Every structure is written in C-alpha cells, then in structure tokens.
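Subject: Handover of a structure and its findings

Dear colleague,

Please find the structure below, handed over for your use. I would be grateful if you could read the notes beside it.

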Amino acid sequence: MAVKLECRCVTFRYGKTDILHDISFSVEPGSFCAVLGRNGSGKTTLLHCLNGIHKPHQGEIRINGNTIVGMTRNQIARHISLVPQEHLEIFPFKVIDVVVMGRAPFIGMTRTPSPNDYDLAMEALKTLNAQRLATCNFNRISGGERQIAMLACALVQTSDIMLLDEPTNHLDFNNQYHLLSKIKQLCQARKTSVIASMHDPNMAILFADTIVMVKAGKIIARGPAPEVMTKPNIDALYETDTTPVKISKTQHFFLPGEIING
Amino acid sequence: MIAIPRYPLKKSPRTIPVLCVLLAVLFFGSLLAGRFKITISEIIAIVSSLLPGNSLSQDLISQKLVFLWIRLPRCIMAVMVGTGLSVSGAVYQALFRNPLVSPDILGVAAGCTFGAALGIILPGDSFYLVQAMAFGFGLIAVSMAVGIARLISIKPVIVMVLAGMVVLSFFNALLMILKYFSDPYDELPSIVFWIMGSLTRVTWNDLYITAPVTCCGLGLFMLLRFRLNILSLGDVQAQSLGMNPFVFRLMLILVSSFMVALTVATCGQICWIGLIIPHMARTLVGPEHENMIPITVLLGAIFMLAADGLARSVTAAEIPVGIITALTGAPIFAFLLYKNRGSGWL
C-alpha cells in the first residue's frame, strides 16, 4: 500500500531545550529519504517523533493525510515500522522468533503467532536472502546479519513506512552497500516510504531520493538529493571544508578537503 | 542447501505430557510421604467416604484428619507456591531483561519479612496479624521501588532495579533493628524460623486466598506470554511494535508482586525457585515465552513438591523447605550456567 508520510512544523523538547525545532518535510510513497546531521543533531529523536514514541510539543505527523494524534500505538505500528540503532542483548531467541515479533500489531493481545505468521516471517527473510539465518541464535550472528534480521522484522510488520536509524552502523564495507541497495529495491518494488538517518553523505548521494539536513534540531536544507547535496550545504552541515570528487558524469562524492589536499 | 523446518514452533512437544505425568506422580507421592503413615488404600477409602452414601471405619479417623486437614492443603499449597514463584521469576527476568533477576528484586520479600517480624513483636499473637502485616509491607516495598523509579523516570529498567536495591536494603536494615530489640528467647527464634520458609503452617484458609490469586495470575501470564517476548526486546522496539511497555510492565510487576507477597506471607521466604526454574525451563525448550511459560509452571510445581516431600521425610523432625530449596538450588543454578554457556546470553 502506498502511504505518504508528512511531518508538519514538529517541535520537540526535553525539559526546556528544543531538540527539534519546526521540522517540516514529507516523504512520497516509494522514495528513500535520508536524514543527515552530526552526532546529537536530533536525528534519532526525529525518527521517534515520526512513529509517535515521542509526542511533539507542537506540530503533527500525518500518514496519508490523517494525523497520528489519537491513533493507538497499535494502529500506528500497522503503518510505520522502525529498525532501531542499537540492538540490545536479548534472550537467545532464534532469528525466526525475533522476526515473527513483527507480526505483533496484527496479533490479538492475548494470542501467540500462528503458522501463517511464521510463514510471513520466513518470506521476509527470503526477500532479504537470509532464510539460512532462521534457526540461528540471534545473539550469535554477526552485526550485519543482526541488522538484516531486524530489517526482516520491520518488513513483516509493515512495508508502508519504514524508519531506519543508522542502518549501516556496525556493518562492513561490502554489507553497507549490500543492505542499502536491498532497501532501495524494496522501496521501489513495494512503494515503501523509507526514512533513514545516515552518517555518510556519500551513501546518501548513492541511494537517497530526497535529503533532509538537520543541524541542532533545525532543518537547514531539504529536497531532491542532486539539488541539496552541494558543497555549501554539506560544509555548513558538518562544519568542515569538503572537496567534491567526481565519481560519474553527474555525481560527486564529498571528502574533507584537508585529507585530500593533505 | 540446508533443509529448514517450515516454522520452528514447538521444540519438544513431548515435554509437557511427560512433566504432567511427573507432577501427578509426585503429587500422590507427597500425599503419602511423611512421618504419619497413610497408605494408598486408606486414601482411597477416605476419599470414597466423602461421597454420599459411604461411611468410614472408625480406625481411619486419625488418617482422615491428617490427610484432609494437613497433607492435602499442604500439597496443593506446594503446587501454588512453586508455580507462583517460578512464573513470577520468569516474568521478572523478561521485564528486566536480566537472567539474574528473581521476584525479590524489587524488595517484595524483604518487605514481607519485615512486616512479619513486626507482627511477631507486636503484642497479641494472632497469626493472621503476622500474615496481614507481611503481605501489606511486601506491597508497600514494591510500591516504594516503583515510586522511586517513577520519580527518576529515565532509563526505566535499570533505575527500577536500583530502586529495588534501595528498598531492599532499607527493609533489611529495619528488620535488623527489630531483631536487635526483640526478646532473644521467644521472639527472635520465631522471626528466624519464620524467615526460613516452610509449609508446615498451611491450612485450607490460606488456600482460599492464595489459590484464586495464583490461578488468576497464571492465567494472565499465560495469555500475555507472547507479549513478554516483545517486552524483552526493550522499550523502543516494544513501542514501535505497537505496545505500551510502561503500562504492561507496571501491570505485570503488580500482579506478580501480589502473588509473591501472598506466598511469602503464608510460607515465609523460599529462595531460589524464582531464579532457577525459569532457567531450567529455558534450557529445556528455549527462551520463547510461548513455550517456556507453561514449562515453568509445571517445573515450579514439581520442584516445590519434591522439595517439600524431602523436607518432611528426610529427618524425623521436619526441616524448613527453604533450606532444601537453597541447598539444591545453588548447585543446580551452577550446572545451568555451565550448560548454557555460549548462548550469548550469559
């Protein structure tokens, strides 16, 4: 199902400090939106506002034009899934048992998952070419595999809107590209709206359709990736001096100037 | 290509029937065990005499009294205590995402013990007063822990454990004061014996309260057992999967504290059950609470019945069952730790 996510004038504060200030953007179905910003700029808080874990003090989140204020957690969970940044140590569950938890919003409060739910979980693992993980101990697989398993869990939950909090964290060089291209494919095939917070602007250039740049809780630039990913914007965002490096006819990577010019 | 089972649902479907049979055998076994000899044929005669139209021969009267008013309530209570403590332990371990947590972590048992000691010292020797005080202070202790955690209200899980430690040490200190000022010939021994948990005092009246509460609690935990899996993923994950972890945690803590407080108020402190039984169940069928909670219920009942049977029959004078559970629990726990090494959890 194609679902549009809008974030309108969202302000959120812890105590008296504004963590997010007047954030507005929207994500069309089937597009990949990258949220860029330095550490502590409010990326995670923004993602948590988007699925209602945090209640914004001003502004609102709308899915397909309907505000999520007044929706139950379960109703939101049927449209928005989240892959958190950190995976806490958990009981030595099998991967399939973790993935099937994605069905929670669709299972009655007092019920346990049915064979059908397990089939759906298995399918999600297959989509990510990870069915071999199904019976592995979740605590004993690599960080990259764990990320895949959590992605499968989110996929079983809903592919309407997926929020990914630094999905390539802890992944090796190859896995980073592998995972992001997988996400990109899903995004196009299932008309998923993906909002991912990312650390590497060059990754965003390769995979994202739209960019939101957040600095100290405020948006400093947003829009289609080719328009937003310019030297002035990136320099302002990361407070550094970057040098564009041409990688194809239309695309540039940005690397810190002092490193290149040495 | 490795063959993958379609969905790895039940790991060992035979475990539950086997445990049920074991429980039934132990239950009848412990009805027979004890210094006062009652044989199977006598039990059959006694039970059938309860049906209308049958009468009991005169020489079985004392057997009937022992069986109906001492053994039967005691064995049922052992089942209730065993299941209640072990399932509460399993729930606490899931909620606090920590394998070393037992139901006393929030100070229930410490509160109960203090309450009981206070009841013993206060004038008047109503045993109901002692029980009521124990139960009341157990709940006060938990509410204090939860209240302190709410005041601090960051990192809810770890703060709650720390608040539990605060409350626990506080009540232990209060208990020490009471012990110090109590009469060393009369009150101090009864406090000490009270703390060593035992099922000797159990009557039907205790069961009328404990049994319904324990059964309701068990029913609730059985219904919510899949939700325990989700809660054990942590708050952020539980919220994004559509749950309200705070409400659930509070509800589950209150229900299991209620069960534990009631148990401690009637039988004193019975250690280790809440800690080792969930580990045993996890070793048998894996950590998924769908499978593990029913196994925990059965194992808890079995372990407690066996321990109480031992307590009654090992020596001529009965030893408190709390000593047996602690004595057997510690080495069993060490064995489980060894067995589960490398699961990535310990």
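The notes below describe what was found, chain by chain and element by element.

The model is predicted: local features need pLDDT of at least 70, side-chain atom pairs count only at pLDDT 80 or more, and totals for chains, interfaces and linings use all residues. Residues are numbered from 1 along each chain as its sequence is written, while chains are lettered from A and ligands numbered from 1 in the order in which they are written.

Confidence. The predictor's confidence in each residue is given by pLDDT, from 0 to 100. Chain A has a mean pLDDT of 91, with 99% of its residues at 70 or more. Among the elements of chain A, β3(A) has the highest mean pLDDT (96), and helix α10 (residues 257–261) of chain A the lowest (78). Helices (H or I, at least four residues) and strands (E, at least two) are DSSP runs, numbered from the N terminus.

Domains. For chain A, the domain assignment gives domain 1 (1–79 + 160–174 + 189–230) and domain 2 (85–157); such bounds come from an automatic or database domain assignment. Taken over C-alpha atoms, the centres of domain 1 of chain A and domain 2 of chain A are separated by 24 Å. The contact between them takes 12 residues from domain 1 of chain A and eight residues from domain 2 of chain A, where two residues are in contact if their C-beta atoms, placed from the backbone, lie within 7 Å. On the side of domain 1 of chain A, α2 and β7 (161–165) of chain A each supply at least two residues.

Strand β9(A). Five of the six residues of strand β9 (residues 210–215) of chain A are buried, so this strand is largely enclosed by the rest of the structure. A residue is buried if 20 or more other C-beta atoms lie within 10 Å of its own, exposed if 12 or fewer, and partly exposed in between, with C-beta atoms placed from the backbone. Strand β3 (residues 32–36) of chain A runs parallel to β9(A) and is joined to it by four bridges; V35(A) has V212(A) as its bridge partner there. Two strands pair if DSSP finds at least two bridges between them. With strand β10 (residues 218–224) of chain A, β9(A) pairs in the antiparallel sense over six bridges, and the bridge partner of I211(A) is G223(A). β9(A) and β10(A) form a hairpin with two residues between them.

Positive phi values. In the turn of that hairpin, A216(A) has a positive phi of about 50°. A216(A) is partly exposed, with 14 other C-beta atoms within 10 Å. N129(A), a residue other than glycine, also has a positive phi, near 55°. This residue is found in the loop between α4 and α5 (143–157) of chain A. N129(A) counts as exposed, with 11 C-beta neighbours inside 10 Å.

Nonpolar core. A nonpolar core is a set of buried Ala, Val, Leu, Ile, Met, Phe, Trp, Tyr and Cys residues joined through C-beta atoms within 7 Å. The largest has 173 residues, of which V99(A) and A152(A) touch the most other members. At least three residues of this core come from each of domain 1 and domain 2 of chain A.

Chain contact. The contact takes 38 residues from chain A and 30 residues from chain B.

With kind regards
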